[in-house]
Amino acid sequence: MTQPARQLKLGAFLMATGHHVAAWRHPYVPADAGLDFAAYKQLAQIAESALFDALFVADSIAAPTGAIASRMARSDHFEPLTLLSALSAVTQHIGLIATASTSYNDPYHVARKYASLDHLSGGRAGWNLVTSDNAAEAQNFGRDQHIGHAERYSRAREFHQVVTGLWDSWQDDAFVRDKASGQYYDPAKLHVLNHRGEHFRVQGPLNVARPPQGYPVIVQAGSSPIGRELAAQTAEVVFTAQSSLASAQAFYADLKGRLAQYGRSPESLKIMPGVFVVVGQSESEARDKFESFQALVEPEVGVALLGRMLGNFDLSHYPLDGPLPELPLTESGQQSRQKLLTDLAGKDNLTLAELGRKIAGGRGHYSLIGTPSQIADELQAWFEEGAADGFNVLVPHLPGGLQDFAEGVVPELQRRGLFRTEYEGRTLRENLGLARPNNQFQPQ
Ligand SMILES: Cc1cc2nc3c(=O)[nH]c(=O)nc-3n(C[C@H](O)[C@H](O)[C@H](O)COP(=O)(O)O)c2cc1C
């Protein structure tokens, strides 16, 4: 039998009004879309019609406040699992990847909610496992300080172990529900976790049957060395910010190279860098479109976004036209993004305001501004030259940017044989080409 050609995977990274920090002010964009279910329903349906693998929703469990925050559309948005549960009822094929933090949650809650979403959606749930990059979350959960970087990852590792253990509470066929005999479940197919670890004590079992996918797909987005190690051990999809083909290739080789020590094949983990995409009929139209968003960026807003992405630093006391100050390694934020942004500033000698403006759209993710065929050329190069198995697509504004991608770039990728023309399977796992995990407590 001939092997089907390898094709790329696509995630639609949704964010309220769009990824551009000034999108909410743009005439194309409904400013209240962050809490408008009809708007999200439309996005989900655009993405599903275009055969995207999944919707991807990020999260932060604290609302930015203050003079600058009051000028950004980042302080009100839906809780991801609630949103995706609602979207599961108005979609049929597309995967539903919600972010949940291992630092400010308990594993039982997380296992239960994702198992529920997997059942509700017929096997389309994914968990973006993050350790929280927003220091302000700590104060919403009884702490003065955010948990330190290494400690967060230690907790995350055990958290994952407990959640997957809870998903294996029941064998797939444990619930016999036999009316004639009166047997609802088979006790021999129940496995009580009884976990006692450094961070958690969890008895189990979970009060939800094993998820249709076995486990919802495990996604991860940490890219520091310790984050990569956790991903190599546990993740099936990795979302990462990379600023060039060369850095993406190095990341790809490094992460895939870490899999063998865990007995995993390179295909068992899909690497999907973020790409910020602005599509136009011509290159100049795409550039004009991008500039129409850039013109709305207030320097202070760009710099506030930059400070947050560098790892929760307040840069408001530094001159806008001065260089990026020397900053300590972030303990609370993303160390990988801090390095990426610091390198970007150094490469072109950018001032603080210039760097803030540069990342106002894609926050450091690789930017593609052009025609569908120019964009497809770059995606193809990354896909074929060892930098990506697919992409998480960020667009400046919603819904228009997603529509542009769906109508322009997706058909171009399909013409090149690089993207599906129909969904291959029923579950997110099947569409991503990932194996269904066995129950760890069940003899094979
Ligand atoms: C592309 C990308 C997206 C991320 N999205 C989120 C998010 O939505 N919420 C969150 O709390 N952390 C998010 N993170 C943070 C990480 O998942 C991670 O747990 C933590 O910040 C440490 O990152 P590091 O390993 O790169 O230092 C993201 C990280 C990356 C690289």
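Buried, in these notes, means under 20% relative accessible area. I keep in mind throughout that this is a predicted model.

**Entry: the overall search.** I looked for salt bridges through the whole structure, and the search finds 22 of them. I picked out a few to follow up.

**Entry: Arg420 and Asp53.** I checked Asp53 and found 1% relative accessibility, so Asp53 counts as buried. Arg420 is buried too, because its relative accessible area is 3%. What do their side chains do? They meet in a salt bridge, at 2.7 Å from N to O. I then looked up where the two sit: Arg420 is in the loop between α12 (400-415) and α13 (428-432), while Asp53 is in the loop between α1 (37-49) and β2 (54-57), so the pair ties together parts that are 367 residues apart in sequence.

**Entry: Arg415 and Glu412.** Next I turned to helix α12, where Arg415 and Glu412 are three residues apart, which means about one helical turn separates them. They form a salt bridge whose closest N and O atoms are 3.0 Å apart.

**Entry: Lys347 and Asp348.** Here I found a salt bridge with its closest N and O atoms 3.9 Å apart; the cut-off for a salt bridge is within 4 Å, so the pair counts. Lys347 is exposed, with 63% relative accessibility, and Asp348 is partly exposed at 40%.

**Entry: a network.** Which residues are linked in a network of salt bridges? I noted Asp168, Asp172, Arg210 and Arg436.

Conventions:
Residues numbered from 1 in each chain as written. Predicted model: local features only at pLDDT ≥ 70, side-chain atom pairs only at ≥ 80, totals over all residues. Heavy atoms only, no water. Salt bridge = Lys/Arg side-chain N within 4 Å of Asp/Glu carboxyl O. Helix = DSSP H or I, 4+ residues; strand = E, 2+ residues; numbered from the N terminus. Buried < 20%, exposed > 50% of the residue type's maximum accessible area, 1.4 Å probe, protein only.
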